[in-house]
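Subject: Structure handover

Hello,

Here is the structure for you to look over. Please open it first, then read my notes below.

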Amino acid sequence: MTLKLLMGNEAIAYGAVEAGVQVASAYPGTPSSEILSTLAGLALEKGFYAEWSVNEKVALEVAAGAAYAGARALAAMKQVGLNVASDPLMSLAYIGVKGGLVLVVADDPGPHSSQTEQDTRLFARFAKLPVLDPATPREAKEMTRYAFELSEKLLLPVILRPTTRTCHACQDVEIQDTTAVPQPVSGFQRSPNWVIFPNLSARKHVWLNGQQEVARESFENSPFNQLTINEQSDVGIIACGVSYNYVMEALQLTGLEASVLKIGTPYPLPAGPVLQLLQHAKKILVVEEQEPVVEDQVIALAWKTRSTAQISGKYDRLVAREGELNVNKVRAILENFCGRQPHSIEAAVPPELPLRTPVLCAGCSHRASFYILKEAARGKDTLFAGDIGCYTLGAMPPLNTTDTCLCMGASVSIAAGLSRVEPHRQQVAFLGDSTFFHSGIPGLINAVHNGANITLVILDNSTTAMTGHQPHPGLNRTAMGPTDQSINIARMVEACGVEFVRVADPFDLKAALQVAKDALAFAGPAVVIMQRECVAQINKGRHRRINPDLCTECGACIDELGCPAIGKPAGQPEILENCFGCGFCNQVCPVGAIEEV
Amino acid sequence: MKLDIVISGVGGQGSVLASRVLASAGMGLGLDVRTSEVIGMAQREGSVTSQVRLGEKLYGATIPDHEADILLGFELAETVRAVPKLKPGGAIIASASAIVPVSVQLGISSYDQKAMQQYLREQPGRVVLLDLEELAKKAGHPKTGNVIILGALSTLPGLPFEPEQLLQAVLSYIPEKLQNTNKRAFEVGRQSMEVA
Ligand SMILES: Cc1ncc(C[n+]2csc(CCOP(=O)(O)OP(=O)(O)O)c2C)c(N)n1
Ligand code: SF4
């Protein structure tokens, strides 16, 4: 055993390795991405297979195939990724698996970096699959190992659902020095049970419902649930996942007394420890983030057993259903619940703080692409449908070139939909390269086949930048190393039947502007591929400076581009230390005052 | 023993490295450790905080408001933003200089550097504001601000680790060719506290 400082996501990866995972697949998404990047780093050495899949649906199907053949497999994604993977997931619950299949879905209450605050525990219940909710990185690792065993026992995929505060927290975690010997794989055995006809589903549904009880029983004595009875108190607190940490710390800070039931297996909820607590405590508070998943099951148990305990939580609005919990919030909830005067600290009012929202990097080619499309559309009534990636920041001033953003791959279809109602307006859609492969292609095919008059701009920066620069199918590397199987975006677009396809360099303002204008003028779907590597991936260019003798202080460079490397520390525009040397601002400056150093 | 440290700054300033270093120094002493970091969109020049907790028995990785013992600030306004995390009388070691965000360049918000410094100086605990840019020049590398602040931190009384242990933890995270620069940065940070 070695003690190592591990992030929750790394701990999950190590847990999978210790369990002898044979196939791992994922599509990146904060806060889940480091699970597969860690696994990919270990794959060659430990002798298993890891891939970045094209999207979450594919990732889960690849893992399912491996598990059909008896291998241990893991698929990882963020919570909204599960929406994309929900089709295979719902059916997989009926079909089941042979080798252990662990589906890690990272939730993001807050949300910190997600479109929704959806609760995967609720999804698990909907899909009728067991779900584990770790409170710490250490527990995340233990749960990962256990999830494989449970999956093989139940013949069902098992969901591990960490949240941002576990994924991106580090802890001292023990890891095994010896590598697990992968189990011999029994191989795929032909059977009608792998083919989901309605009559099979009807039978399997009965089986699946029965497995809920088997799973519940497995959790009855699970070490992930812990009941601590406090004889001095008639208050009982049930806390799920990371909320347990907040409850324990709030109890310490307030000195309040309570029995505490820690829950690590929220669905199906084991009855034993809950009933024990119901017998002991008169007042129960359920503390969990997001939806009342545990609370609903506790209420049902209390009802069935005619318990008279008062149960508080989401339904009397003591615990919020939105946002994240923390020690301060839980402390206030406990004080309120126990009728204590709330604790407060007087603090001096701080000076007004500057707004510091994220911005595109200095030298990011997306900035140039947005500027170019705005220029090309000048004087035309234009709507810009955006999508998800670093380029969502195109919504921020001064670029203001993102009027909509819904979910990955939606821009092209939203633009097509808008064009049906407002044909007199120009419809421009943006898609990142990774997003194009993930879910943009069907929308494009649809636009071509149905003749939508839109312009699609593919922002090809040769990476999945937003989530930490993972590879995608357009590149010559995979999770495990180099490949010569890269898919050419322009040829792909042509194959989709698009007649107007042009590749442009966004840092060549004049040429790219002409291409953009031609695309807007084209009747029918037109595609412009803006090609420039993400600056976070390449070496810096030549630093620029503003020649004070030429600068008229018109402010165009600042007001049009909003680049973090142009500022006015001494009153007039200046290029700052963090300039990347992309050279785009020189082309925007009306008097040519920006020059290479 | 319990030590809670908040590190605030702007994405890209190396706050994640700083929190990992502190945690691994704590681990070296056999303490329970936690860090909590901001990873994702905010790393693109947005506000970021890292939190480090060292102690005998810990629960969560995030520090409650008004409970942190020390606030390390890599940027002036971000230090002010994190003050509510600090316990009354907690120590602050921070950069006195500003990284002016794009929103201020565009006139959407404002940044009053003097008022920020004033507010920090009025905090009840020990407050040290460093000219981090100048110190980084002295260390010979513009990106060593995080290690300079760790060096400065190592001079505070009551820490569970010796300065040398913290330096070793820093070096364990630094590639071979930057070891000397970072040793220098750590030392520059230590010296800055003698005059401050
Ligand atoms: C269904 C789904 N999966 C994953 C994510 C997380 N995510 C946000 S943006 C993005 C990809 C961005 O890559 P790309 O389109 O190439 O744009 P870039 O960030 O490189 O500009 C991902 C994976 C998500 N929001 N939704
Ligand atoms: S990481 Fe790359 S794509 Fe994202 S903002 Fe920076 S340069 Fe642009």
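The notes below cover the ligands, the chain contact, the domains and a few backbone details.

First, the ground rules. This is a predicted model: local features need pLDDT of at least 70, side-chain atom pairs count only at pLDDT 80 or more, and totals for chains, interfaces and linings use all residues. Residues are numbered from 1 along each chain as its sequence is written, chains are lettered from A and ligands numbered from 1 in the order in which they are written, and side-chain values use heavy atoms, with hydrogens and water left out.

Ligand 1

Ligand 1 is surrounded by 26 residues. A residue counts as near if one of its heavy atoms lies within 4 Å. The closest are E56(A), H366(A), C390(A), D433(A) and T435(A).

H366(A) places a side-chain N or O atom 2.7 Å from an oxygen atom of ligand 1. D433(A) has a polar side-chain atom 2.7 Å from a ligand 1 oxygen. For N461(A), the distance from a side-chain N or O atom to an oxygen of ligand 1 is 3.0 Å. Taken alone, ligand 1 exposes 590 Å², and the protein buries 97% of that. Areas are Shrake-Rupley values with a 1.4 Å probe; for residues, only the protein chains shown count as cover.

Two helices of chain A, α4 (79-84) and α16 (433-449), each supply at least two shell residues. The largest share, four residues, comes from α16(A). Helices (H or I, at least four residues) and strands (E, at least two) are DSSP runs, numbered from the N terminus. By class, the shell has ten nonpolar, 13 polar and three charged residues. Ala, Val, Leu, Ile, Met, Phe, Trp, Tyr, Cys and Pro count as nonpolar, Asp, Glu, Lys and Arg as charged, and the others, Gly among them, as polar. Domain 1 (2-220) and domain 3 (365-537) of chain A each give the shell at least three residues.

Ligand 2

Ligand 2 lies between chains A and B.

Chain contact

Contact (heavy atoms within 4.5 Å) takes 55 residues from chain A and 50 residues from chain B. The two chains bury about 4400 Å² between them, 61% of it on carbon and sulfur atoms. Buried area is the accessible area (1.4 Å probe) that two parts lose on being put together, summed over both. In chain B, M41(B), R44(B) and Y59(B) lose the most area to chain A, together 18% of what that side buries.

Domains

The assignment, automatic or from a database, gives chain A domain 1 (2-220), domain 2 (226-346), domain 3 (365-537) and domain 4 (544-596). The C-alpha centres of domains 3 and 4 of chain A lie 27 Å apart. Each of these two domains puts twelve residues into their contact. About 1000 Å² is buried there, with carbon and sulfur atoms giving 65%. On the domain 3 side, R367(A), Y371(A) and F507(A) lose the most area, together 50% of what that side buries.

Backbone

The T30(A) to P31(A) peptide bond is cis, with omega near 5°. P31(A) sits in the loop between β2 (23-26) and α2 (34-46). The bond from Y267(A) to P268(A) is also cis, with omega near -10°. P268(A) is in the loop between β11 (259-263) and α11 (271-280). Q290(A) is not a glycine, yet has a positive phi of about 65°.

Best wishes

Terms used
A polar contact is a pair of N or O atoms within 3.5 Å; within protein, one must be able to donate a hydrogen and the other to accept it, and residues adjacent in sequence count only if both atoms are side-chain atoms.
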